[in-house]
Amino acid sequence: MIDWPNKLVDDIARRRCVLFLGSGVSANSVNNLGEHPKTWTAVLKEGVLKLPNNVTKKQKDIINKRIKSGDLLLACELLRQYLGTDDYKELLKSEFFDKHFLKAKIHEEIEQLDSRIVITPNFDQIYEKYVHSIPGNDVVIVKYNEDNIVDSIRTARRLIIKSHGDITAADDVIFTKADYARARSHYSQFYNLMDALLLTHTFVFIGAGTNDPDIQLLLEDYTFRNKYKRKHYFVTPKDSMSKEEFSILEDTLSLKFLTYDKKEGHKELTDSIVKLHALVDEKREELSVSKDW
C-alpha cells in the first residue's frame, strides 16, 4: 500500500494539486465483452497486422523492431505512413472509441478527490464520460489546441485538460514523433501553461510512464530552470525500474516516487487511491473547522 505523504494530502485537500492520469488508469476499464483497453504496444502490433499487402516484410520488421526496442513514437510514425492516414485514424477509433469501455473503481475514487485540474494524455473518453454522468457535475473539458485553455484555467470550475487531444478529433491526436514536434511548435501557449502549473501546483502522475516525451521535457525544464523547487509525485510499480534508475530520475526530473506492488492487476494502486480519498476527506473536515484555507 502506498504511504501518502502528509504534504501531498494537504495539497490535494486545498485543491493545490494537479492530477495527471496516464494510460495505466484507463487500463483498469473493461467493456461489455470483457475487454480491457490495449497498451500502445498492443495497438501498434495490431496495426502491423492490418498493413496492406504492398508493405514488404522488411518494412514490417522495421516497425516491429522499433516496437520491441520501446521506440513507440517512431514505430507509430512508420505505421501511419504505411497504413495511410484514413486507415490509421480508423485503427485508433476502433481501439479507443468503438469499444465503449466503462469506468472502473479507480476512476470513481480519483473523481472523488475533487481536484480542480486533471490533465490526461489519454485520448479515450473513459474518465470524462464518467465524470459527466454524475448529476450536477459541470466539469469543463479542453484540449491542448483550443484557444480558450488559458481562460478556462482562471475560472472556478473543475477542468479536464486533454494534453494529447481526443479520439473524436483523430486528426489532432498526439501519437507520433511528428505529432509531438508539431504540437510544441504550433501550441507553445499550452506548454507555457504547463510550465506555470508545475511552478504553482503539486503534480501527481498516476498510471503514466517516465518515457513520455512531454513529461520528460516539462520536468527537465522545471528542474534545471528553478534552483529552489519542490518535487512532484510519480506513482509507479515498485519493479518498474532499478533502484539506481529511481534515484537518477528523482534528481533529474524533480520527482518523489510512490511505489506499489502491481500483482493482481494493480489492485494495490486502486486500494491506495481509496486510502488517499479517505485521508483527503479527513483533512478537508479539519480545514472546514479551522478555516485555515
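This is a predicted model: local features need pLDDT of at least 70, side-chain atom pairs count only at pLDDT 80 or more; totals for chains, interfaces and linings use all residues.

Mentor: Residues are numbered from 1 along each chain as its sequence is written, and side-chain values use heavy atoms, with hydrogens and water left out.

Trainee: What radius of gyration does the protein chain have?

Mentor: The radius is taken over C-alpha atoms, and the globule rule is 2.2 Å times the number of residues to the power 0.38. For 293 residues, a compact globule would come out near 19 Å, and the chain agrees with this. Its radius of gyration is 19 Å.

Trainee: How many helices and strands does the protein chain have?

Mentor: Both are DSSP runs numbered from the N terminus: helices are H or I with at least four residues, strands are E with at least two. The count for the protein chain is 14 helices and 7 strands.

Trainee: Which residue of E2 is the bridge partner of Leu19?

Mentor: Two strands pair if DSSP finds at least two bridges between them. Strand E1 (residues 17-21) runs parallel to E2, and 3 bridges join them. In E2, the partner of Leu19 is Val118.

Trainee: Which residue of E4 is the bridge partner of Val118?

Mentor: E2 also pairs with strand E4 (residues 159-162), in the parallel sense and over 4 bridges. The partner of Val118 in E4 is Ile160.

Trainee: Are the residues of strand E2 that point either way buried or exposed?

Mentor: In a regular strand the side chains alternate between the two faces of the sheet. In E2 (residues 117-120), Ile117 and Ile119 point one way, and Val118 and Thr120 the other way. Buried means under 20% relative accessible area, exposed over 50%, and partly exposed in between, with a 1.4 Å probe and protein chains only.

Trainee: How many disulfides does the structure hold?

Mentor: A disulfide is a pair of cysteine sulfur atoms within 2.5 Å. Cys17 is buried at 2% relative accessible area, and Cys76 is buried at 1%. The number of disulfides is 0.

Trainee: What separation do the C-alpha atoms of Gly34 and Phe101 have?

Mentor: Gly34 lies in the loop between helix H2 (23-26) and helix H3 (40-49), and it is partly exposed at 49% relative accessibility. Gly34 and Phe101 are 67 residues apart along the chain, and their C-alpha atoms are separated by 9.3 Å.
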